[in-house]
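Take a look at the structure below. The report then walks through it topic by topic.

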Amino acid sequence: MKHTHPLEPLVELYLAEKDITKGSYDLYAIILKQYMNYLKEHHITYAKTSDVINYREFKRSEGYSTQWIHHQIGAIKGFYKYLSTHQKRLNLPDVYAFDITDSIENEHIDQSISKPILSISQAKQFILSTKENRKYIWHYRDHAMIYLMITTGLRSVEIRRARIKDLKTLNQELVLYVQGKGRKSTDQFVKISKGVREAIDDYLGRRKDKNPYLFISHSKKTEIPFLSRTFFNAMFKRVLADAGLKNIKLTPHSLRHTAATINLLRGGTLDQTRKFMRHKDMSSTLIYAHHLEELGGNLERHLEDFILGKKVKQKKIDGG
């Protein structure tokens, strides 16, 4: 797709004039690039309200989370509002005098709604299936990523941005320093359990490249050094299907919800779970516990033991 959409130069101008942080700039740039590609693929020069709605439904059909669609539509609405506000100044065609997204309501994110998660038995099935299905190097990568996410609650963006050098030994324990949501530096870390460490070692031991990122694409067609969001979502859908879990409506972020909820189920307190999830305040943690009584270490290792059914003291819970 080499041709340029008439709006692409205006995207650059919009972002240049918008007072936002670099992290927000990068997010808006990704979102609007995806939208531009959609317009080009569908030969849409002047989008209508229905085209934006169709784009939203397309993203939903691709398995993107409500939160990500919320970000997408928010960015697109902001862009079209900018175009209509500055239509005369930018000498744009009259069609842009009207904001086509004004009537579109964005996705509503209700923090009280129960998050989609894996049950304990499904989490175990996911970990063991990705391990048993390892054949090629990307299978080793997928297993290590899934195992890491379920036992640490890391976000997919944190997984995609992780570098090999972020793995360090702290107080005789392996930890992974995190760079992700809203941060420009690796200032927090998660502890790596024994099983996850073995999975990562198995993967890295098969790598012959000099790529600094911890998890990478092994396709010869890509020149991008890190995993893209689109690639990660496609990978996630594939491994869910391979594990016999394709009928569960999950996104990569669901593994973070799974880690938080299972930690509460195994006996972790709300304050322990807040620290484990790296939440700034308790309100973010409470959404995982609205249906649980407040339940009580080394959370990553205990979570691994609890999911895989190792001999640890735990309450009897239905894992179905």
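## Around F231

F231 touches R141 and S217, leaving aside residues up to four places away in sequence. This model is predicted. S217 and F231 are 14 residues apart in sequence, and their C-alpha atoms are 8.4 Å apart in space.

F231 belongs to helix α9, which covers residues 229-242. Its relative accessibility is 31%. Buried means under 20% and exposed means over 50%, so F231 counts as partly exposed.

## Aromatic pairs

How many aromatic pairs does a search of the whole structure find? The search finds 13. One of them joins Y35 and Y55. Their ring centres are 5.2 Å apart, and the planes stand at 75 degrees. That makes the pair edge-to-face. Y35 sits in helix α2 (residues 22-41), and Y55 sits in helix α3 (residues 49-61). The two are 20 residues apart, so this pair links distant parts of the chain. Y35 is buried, because its relative accessibility is 0%. Y55 is buried too, with a relative accessible area of 1%.

Y38 and F58 form another aromatic pair. This one is tilted: 5.7 Å centre to centre, with 35 degrees between the planes. Y38 lies in α2 and F58 in α3, so the pair ties together parts that are 20 residues apart in sequence. Y38 has 7% relative accessibility and counts as buried. F58 has 33% and counts as partly exposed.

These rings also belong to a cluster. Ring pairs link Y14, Y35, Y38, Y55, F58, F79, Y80 and Y82.

## Charges over rings

Where does the charged end of R206 sit? It sits over the ring of Y140, 3.8 Å from the ring centre.

## Helix α11

Helix α11 runs over residues 270-277. Which of its residues are buried? They are L270, T273, R274, F276 and M277. Seen down the axis of α11, these buried residues fall within an arc of 165 degrees, so they line one face of the helix. An α-helix has 3.6 residues a turn, so residues three or four places apart point the same way.

What comes just after α11? There, R278 takes a positive phi of about 60 degrees.

Key. Residues numbered from 1 in each chain as written. Predicted model: local features only at pLDDT ≥ 70, side-chain atom pairs only at ≥ 80, totals over all residues. Heavy atoms only, no water. Buried < 20%, exposed > 50% of the residue type's maximum accessible area, 1.4 Å probe, protein only. Helix = DSSP H or I, 4+ residues; strand = E, 2+ residues; numbered from the N terminus. Arc of directions from axis to C-beta. Contact = heavy atoms within 4.5 Å. Phe/Tyr/Trp six-rings, centres within 6.5 Å; stacked < 30°, edge-to-face > 60°. Lys NZ or Arg CZ within 6 Å of the ring centre and 35° of its normal.
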